[in-house]
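Hello,

Here is the structure I promised to hand over. Please open it first, then read my notes below.

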Amino acid sequence: MSTPDVVIVGAGAAGIGAGMALQQRGIPFLIVEGADRIGGRAFTDTASLGTPWDHGCHWLHCADVNPLVAHAQRLGSQYLTDPGWEAGALWIDGALASKDEVAASNAAVQQAFDTVYTEGERGRDVAISDVLPDAGRWARGARHVLQLMIGDDPETDSAAAYADYDDTDHDWPVVSGYGALIAAMADGLPIRLNTPVSGVTDRAGGVRVETGAGTIDAKAAIVTVSTNVLAGSAIAFSPGPAAEFVEKARQFPCGAFEKVAFALSNLPAEFREIRHLMIYPDGGAPAIDFKIADGPIPTMIAHIAGTPAFDLMKLPAADRIVFARDRLISVMGPDVAKLIVAAQCTNWVNNPLIGGSYSHALPGAAQLRRDLIAADTGNVAFAGEALSAQWQATAHGAWQSGQDVATRIAAQLG
Ligand SMILES: Cc1cc2nc3c(=O)[nH]c(=O)nc-3n(C[C@H](O)[C@H](O)[C@H](O)COP(=O)(O)OP(=O)(O)OC[C@H]3O[C@@H](n4cnc5c(N)ncnc54)[C@H](O)[C@@H]3O)c2cc1C
């Protein structure tokens with residue numbers, strides 16, 4: 001292609017959002033992506049289980065206002081408008097809990113989130129763990145759900161920053177794969193895969209982007225890599241506003257959230273109506289939950305976040321699978337192992353192009369994130385999930401951030 005006006009670094013949701021905005025305005029651009037596939041943390045795996053499953057984003061959060069729902073409709077994605085929370089089961093003290101116990105556990109989780117919002121909206125820029133009520137018997141479950149939402153431990157996230165998230169409580173699972181949706185949205189965009197960027201220089205009249213396949217000069221760059229990649233040494237930024245931005249972005253690290261997925265030959269009858277299974281393992285170990293989907297190839301997908309996920313990622317993949325399988329055996333009995341026909345696990349923390357789950361604001365950094373979202377860093381701009389407040393840490397927040405930043409850059413280029 002002819003010289004692009006804008007180079008977009010990264011073909012995840014933010015990079016694709018930025019590309020779509022520039023394409024709409026007729027501005028020449030190129031997306032350079034270090035991996036051999038599009039999507040980043042949006043990745044639908046169709047190979048390992050014989051049925052699609054998402055390693056990363058799966059739920060259209062804030063679905064009633066999520067701009068990607070229109071694209072899901074346009075592109076024929078299959079999604080459910082009922083997340084199935086009512087079909088949840090809880091395993092505690094060696095038995096399936098009663099309906100009253102499930103209700104009490106759900107109420108404790110709700111109370112934890114209500115408290116975070118109340119205290120956060122009061123401006124308490126302190127660790128979420130500092131404002132949490134004692135959930136007593138249900139503390140392990142409440143902590144687990146908070147870890148999933150934060151992508152890390154409640155000790156690491158600011159309550160005030162979390163409360164910037166505008167949750168509408170509409171969460172729709174994309175059955176055909178959220179990653180597949182993001183990839184389909186990228187159709188027709190100029191994307192160069194296997195092209196890791198190693199340097200971005202802001203210089204008079206434009207930018208210079210160094211890649212594994214040569215140098216690209218352009219008028220502007222939009223960098224969409226994760227905050228953990230920014231904090232690492234893979235990309236060198238020239239001194240100036242962009243390098244200062246990168247330094248401040250260290251206040252928004254990505255934690256850990258990993259999945260272990262199983263395909264079964266069939267689901268035992270007593271689990272066919274259950275869509276979510278929370279397990280409190282014996283001996284006080286951290287809670288874990290499985291998303292269950294019945295169908296021609298039934299699946300059970302474990303979710304693990306925060307310190308338990310960091311610990312899990314120290315193990316080889318085969319041992320991670322054994323860990324999650326043993327949790328299933330503890331509830332369903334040893335015969336469930338015979339029903340497992342395929343298994344796979346995610347690898348976000350150890351992936352050098354991602355390096356974690358999604359970002360959170362460290363205690364004390366709530367205002368800094370709002371400031372960084374509004375910051376003008378000249379010809380080198382930044383977008384991504386970390387740079388959305390009301391839709392922080394989500395795929396649609398990343399996409400919208402890409403759209404907003406590209407619109408700003410387009411206006412700048414005149
Ligand atoms: C386990 C898990 C579950 C999740 N669940 C949900 C969910 O249900 N709903 C939801 O909305 N969100 C969810 N998320 C979050 C969502 O997936 C992310 O917020 C979003 O996809 C991030 O998009 P992004 O474009 O900001 O970053 P990324 O997807 O990380 O995109 C950045 C891209 O840059 C590339 N890159 C990195 N370094 C370089 C380099 N040097 N040169 C060139 N390219 C480079 C990467 O390969 C990547 O493709 C989940 C995430 C995880 C990990």
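**The ligand shell**

The shell around the ligand is made up of 23 nonpolar, 14 polar and four charged residues. Please keep in mind that this is a predicted model. In total, 41 residues surround the ligand. Gly10, Gly12, Gly40, Cys57 and Gly384 are the closest. Helix α1 (13-24), strand β15 (257-264) and helix α14 each give the shell at least two residues.

Where they touch, 12 residues come from domain 1 and 12 residues from domain 2. On the domain 1 side, the touching residues are eight nonpolar, three polar and one charged.

**The cores**

The largest nonpolar core holds 87 residues. Ala221 and Ile222 have the most contacts inside it. Helix α14 (residues 395-413) gives this core its largest share, seven residues. Both domain 1 and domain 2 contribute, with at least three residues from each.

What does Ile222 touch, leaving aside its neighbours within four places in sequence? Its contacts are Val6, Ile8, Ala18, Ala381, Ala383, Val405, Ala406 and Ile409. There is also a second, separate core, of 36 residues. Leu90, Val260, Ile292 and Ile301 are among its members.

Helix α3 covers residues 99-121, which is 23 residues. At 1.5 Å a residue it should span 33 Å. Its end C-alpha atoms are 33 Å apart, so the two values agree. Buried residues in α3 are Ser105, Ala112, Val116, Glu119 and Gly120. What do these buried residues pack against? Their partners are β6 (88-92), α4 (128-131), α5 (139-150) and α6 (159-162). Gly123 follows α3 and has a positive phi, near 90 degrees.

Ala159 is worth a look here. This residue is in helix α6. Is Ala159 buried or exposed? Ala159 counts as buried, because it has 28 C-beta neighbours inside 10 Å and 20 or more are needed. Leaving aside neighbours within four places in sequence, Ala159 is in contact with Val116, Glu119 and Gly120 among others. Its contacts also include Arg124, Val126, Ile128 and Val131. Arg122 is 37 residues from Ala159 in sequence. In space, their C-alpha atoms are 9.4 Å apart.

Most residues other than glycine have a negative phi. Please check two residues against that.

Asn194 is not a glycine, yet its phi is positive, about 55 degrees. Asn194 lies in the loop between β9 (191-192) and β10 (197-203). With 13 other C-beta atoms within 10 Å, Asn194 is partly exposed.

Ala393 is not a glycine either, and its phi is positive at about 70 degrees. Ala393 lies in the loop between β20 (380-382) and α14. Ala393 is buried, with 25 other C-beta atoms within 10 Å.

Best wishes

How values were computed
Residues are numbered from 1 along each chain as its sequence is written. This is a predicted model: local features need pLDDT of at least 70, side-chain atom pairs count only at pLDDT 80 or more; totals for chains, interfaces and linings use all residues. A nonpolar core is a set of buried Ala, Val, Leu, Ile, Met, Phe, Trp, Tyr and Cys residues joined through C-beta atoms within 7 Å. A residue is buried if 20 or more other C-beta atoms lie within 10 Å of its own, exposed if 12 or fewer, and partly exposed in between; C-beta atoms are placed from the backbone. Helices (H or I, at least four residues) and strands (E, at least two) are DSSP runs, numbered from the N terminus. Domain bounds come from an automatic or database domain assignment. Two residues are in contact if their C-beta atoms, placed from the backbone, lie within 7 Å. Ala, Val, Leu, Ile, Met, Phe, Trp, Tyr, Cys and Pro count as nonpolar, Asp, Glu, Lys and Arg as charged, and the others, Gly among them, as polar. The expected span of a helix is 1.5 Å times one less than its number of residues. A residue is near a molecule or strand if its C-beta atom, placed from the backbone, lies within 6 Å of it.
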